[in-house]
Amino acid sequence: DQEYVEQEFSNFCKNQSLKTALLKSVDLLQDGMFDDIRFTIDNALKAGQDKNIGHEYVKEVEARYTKEDRQVIPTPWSIINEKLMGGLGGGDFGLIFGSPGGGKSWTMVALGAHAVKLGLNVVHYTLELSEGYVGKRYDSYFINEPVNTVHLHQDKVKKYIDTLKGTLTIKEYAPGNASISTIEGHIQKMTDLGYTPDMVLIDYVKDEKEKLDNTYVSTKALARTLNIPVWSVSQVNRAGARDDVIEGDKAAGSYNKIMITDFCMSLSRLPQDKINGTGRFFLMKNRYGMDGMTYHATVDVSTGHIEMDDNP
């Protein structure tokens, strides 16, 4: 209850400061010291204000280059980490575009599994697939066995899970029954129980078209409030589903969602790619470096393993 205690204590101090100033003002009023009264009351009203004015550019040169300045969580792909200055950082919102059945959800699994192996706490929200099936996808990824036969390797799964350093929580919500507020409430419950997440994956929040911008603004706000990376996915429109490389103008719904994100990339997989196990990642936007590059990849949607070429 630290936040509640701090707020109550701060309110108490503000009230006491104002009470003291009012009592002192009685004597000042009798002496006709009106300017002193105003000064005393103004100071009392300032009690409890946040004294952090922001990053002082001239004074805090060294702070900008400390490791603590931006805590990042790397992705499984070295070239993406390079472009992101190490990975997606606290407060960052990453978005992955793709066509239906193109491998977006497996990309989420790859991101989550990599973070868990690094010893981090990951929360994976699924609004399309069941909790159990998403769990099997993680099993498949970890032991590199096809998801449709992973049930035959339960001993291998259990043995591997014992080696994991981090934790994974998978939470399912029915499509249309969850909003960012719902997710925020669940995260607060987890935090109260001692399971503070280091990264959140949302696969994925749908909303009515006119509310779409607010949904993605809220997702970005969630990342900033929690100060952790948040990844999500989004559909492309019909024209984008037929493109060899999916660019930003092919985003389904509102184009503004791209402007809200800190990093977004697309995964294009045409019918022939699905047969060959290939695909192309296109960097749509990157606040931390270059974008506009296309990287070829091998995509195994039976286990979720995705290998991305380092050269565009």
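The questions and answers below concern this predicted model.

Q: Why is Ser266 called buried?
A: The word buried applies under 20% relative accessible area. Ser266 has a relative accessible area of 0%, so Ser266 counts as buried. This residue is found in strand E8.

Q: What makes the approach of Ser266 to Ile246 a polar contact?
A: The limit for a pair of N or O atoms is 3.5 Å. A polar atom of the Ser266 side chain lies 2.6 Å from the backbone oxygen of Ile246, so the distance is within that limit. Beyond its neighbours within four places in sequence, Ser266 is also in contact with other residues, among them Phe97, Arg280 and Met284.

Q: What makes E5 and E11 edge strands?
A: Nine strands form an open sheet in the order E5-E4-E6-E7-E3-E8-E9-E10-E11, with mixed pairing. Strand E5 (167-172) and strand E11 (305-308) each have a single partner strand, so one side of each is left without a neighbour in the sheet. On average, neighbouring strands here are turned by 25 degrees against each other, direction ignored.

Q: How do you know that E4 and E5 pair?
A: Two strands pair if there are at least two bridges between them. Six bridges join E4 to E5, so these strands pair, and they run parallel. In one of the bridges, Asn121 has Thr167 in E5 as its partner.

Q: What joins E4 to E6?
A: Five bridges do, and the pairing is in the parallel sense. Thr126 has Asp203 in E6 as its bridge partner.

Q: What makes E4 mostly covered?
A: Five of the six residues of E4 are buried. Helix H7 (residues 180-192) lies across E4, E5 and E6, running at about 145 degrees to E4.

Q: How do you know that E3 and E7 pair?
A: The requirement is at least two bridges. Strand E3 (residues 93-98) and E7 have six, in the parallel sense, so they pair. Gly94, for instance, has Trp231 in E7 as its bridge partner.

Q: What describes the packing of H4 and H5?
A: Two packed helices are described by the angle between their axes and the distance between the axes. For helix H4 (residues 104-117) and helix H5 (residues 131-143), the angle is about 65 degrees and the axes are 10 Å apart. Their crossing is right-handed. Residues that meet include Trp106, Met108 and Val109 in H4, and Arg137, Tyr138 and Phe142 in H5. By class, this contact has nine nonpolar, three polar and two charged residues.

Q: Why are Met85 and Asn227 called exposed?
A: Exposed means over 50% relative accessible area. Met85 has 57%, so Met85 is exposed. Asn227 has 53%, so Asn227 is exposed as well.

How values were computed
Residues are numbered from 1 along each chain as its sequence is written. This is a predicted model: local features need pLDDT of at least 70, side-chain atom pairs count only at pLDDT 80 or more; totals for chains, interfaces and linings use all residues. Side-chain values use heavy atoms; hydrogens and water are left out. Axes are lines fitted to C-alpha atoms, for helices over the stretch in contact, and angles run from 0 to 180 degrees between N-to-C directions. Helices (H or I, at least four residues) and strands (E, at least two) are DSSP runs, numbered from the N terminus. A crossing is left-handed if the near helix is turned anticlockwise from the far one by less than a right angle, and right-handed if clockwise. Contact means heavy atoms within 4.5 Å. Ala, Val, Leu, Ile, Met, Phe, Trp, Tyr, Cys and Pro count as nonpolar, Asp, Glu, Lys and Arg as charged, and the others, Gly among them, as polar. Buried means under 20% relative accessible area, exposed over 50%, partly exposed in between (1.4 Å probe, protein chains only). A polar contact is a pair of N or O atoms within 3.5 Å; within protein, one must be able to donate a hydrogen and the other to accept it, and residues adjacent in sequence count only if both atoms are side-chain atoms.
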